[in-house]
Amino acid sequence: MTTYLVRHASAGSRDDADPHDHERALDEVGLVQAEKLAAWLQHEPIRRIVASPYLRCVQSVEPLAAACGLEIEHVDTLAEGTPVEAWFTPLGTGAL
């Protein structure tokens, strides 16, 4: 089984002082990158798409989810700052 791990597309400049950084959307470049990601992967046998609930992360895979006819699973433990060890518990070992 192949797993693709993708960082979110371009979302402008980060502002660590902004308490709403989780709501930062993709910029114009990021929207194009998300479409290109979908074009690149849409013919792969993708069974599941999981993403951090951060807006920029969800937007990065929305075109792919639409192309594959899949819902995006929002997984809180994929959010920034979560220890790597916590990622695998909600996803289930080998479940990707």
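Biologist: Why does Ser13 count as exposed?
Modeller: This is a predicted model, so the values are computed from it. Ser13 has a relative accessible area of 68%. Exposed means over 50%. So Ser13 is exposed.

Biologist: Where is the place of Ser13 in the chain?
Modeller: Ser13 is in the segment before α1. The C-alpha atoms of Ser13 and Asp27 are separated by 9.6 Å. Along the chain, these two residues are 14 residues apart.

Biologist: How many helices and strands does the chain have?
Modeller: Three helices and two strands. The order from the N terminus is α-β-α-β-α.

Biologist: What makes Gln59 buried?
Modeller: Gln59 has 18% relative accessibility. Buried means under 20%. So Gln59 is buried. Gln59 sits in helix α2.

Biologist: Which residues does Gln59 touch?
Modeller: Ala25, Leu26 and Ala34, leaving out residues up to four places away in sequence.

Biologist: What share of the residues of the chain count as buried?
Modeller: The chain has 96 residues, and 30% of them count as buried.

Biologist: Which residues make up the largest nonpolar core?
Modeller: The core has 11 residues in all. Among them are Leu37, Ala38, Leu41, Ile46 and Ile49. Others include Val58, Leu64 and Ile72.

Biologist: What makes this set a nonpolar core?
Modeller: A core needs buried nonpolar residues joined through side-chain atoms within 4.5 Å. This set counts as the largest such core in the structure. In soluble globular proteins, nonpolar side chains tend to be buried together.

Biologist: Which elements each supply at least two residues of this core?
Modeller: α1 (28–41), β1 (49–51) and α2 (55–68). Helix α2 gives the most, with four residues.

Biologist: Why is the pair of Tyr4 and Trp40 called edge-to-face?
Modeller: A pair of aromatic rings is described by the distance of the centres and the angle of the planes. For Tyr4 and Trp40, the centres are 6.0 Å apart. Rings pair if their centres lie within 6.5 Å, so the two rings count as a pair. Their planes stand at 75 degrees. Over 60 counts as edge-to-face, so this pair is edge-to-face.

Biologist: How do you know that the pair links distant parts of the chain?
Modeller: Tyr4 is in the segment before α1, and Trp40 is in helix α1. They are 36 residues apart. The structure holds one aromatic pair.

Biologist: Are Tyr4 and Trp40 exposed or partly exposed?
Modeller: Tyr4 has a relative accessible area of 35%. That lies between 20% and 50%, so Tyr4 is partly exposed. Trp40 is at 59% relative accessibility. That is over 50%, so Trp40 counts as exposed.

Biologist: Which residues form a nonpolar patch on the surface?
Modeller: Tyr4, Val6 and Trp40. Together they have about 330 Å² of accessible area.

Biologist: What makes Glu80 and Arg14 a salt bridge?
Modeller: Their side chains meet at 2.4 Å, N to O. The cut-off is within 4 Å, so the pair is a salt bridge.

Biologist: Why does this pair tie together separate parts?
Modeller: Glu80 lies in the loop between β2 (72–74) and α3 (84–91). Arg14 lies in the segment before α1, so the pair ties together parts that are 66 residues apart in sequence.

Biologist: How do you know that Arg56 forms a salt bridge with Glu80?
Modeller: The closest N and O atoms of Arg56 and Glu80 are 3.8 Å apart. A salt bridge needs them within 4 Å. Arg56 is in helix α2, 24 residues from Glu80. Salt bridges that share partners join Arg14, Arg56 and Glu80 into one network.

Biologist: Is Arg56 buried or exposed?
Modeller: Arg56 is at 1% relative accessibility. That is under 20%, so Arg56 counts as buried. Glu80, with 44%, is partly exposed.

Biologist: Which residue forms a salt bridge with Arg48?
Modeller: Glu73, with the closest N and O atoms 2.9 Å apart. Arg48 is in the loop between α1 and β1, and Glu73 is in strand β2. The structure holds three salt bridges.

Key: Residues are numbered from 1 along each chain as its sequence is written. This is a predicted model: local features need pLDDT of at least 70, side-chain atom pairs count only at pLDDT 80 or more; totals for chains, interfaces and linings use all residues. Side-chain values use heavy atoms; hydrogens and water are left out. Buried means under 20% relative accessible area, exposed over 50%, partly exposed in between (1.4 Å probe, protein chains only). Patches are made of residues with over 30% relative accessible area and no salt bridge: like charges are joined within 9 Å, nonpolar side chains (Val, Leu, Ile, Met, Phe, Trp, Tyr) within 5 Å. Accessible areas come from the Shrake-Rupley method with a 1.4 Å probe; for residues, only the protein chains shown count as cover. Rings of Phe, Tyr and Trp (its six-membered ring) pair if their centres lie within 6.5 Å; planes under 30 degrees apart count as stacked, over 60 as edge-to-face and the rest as tilted. Contact means heavy atoms within 4.5 Å.
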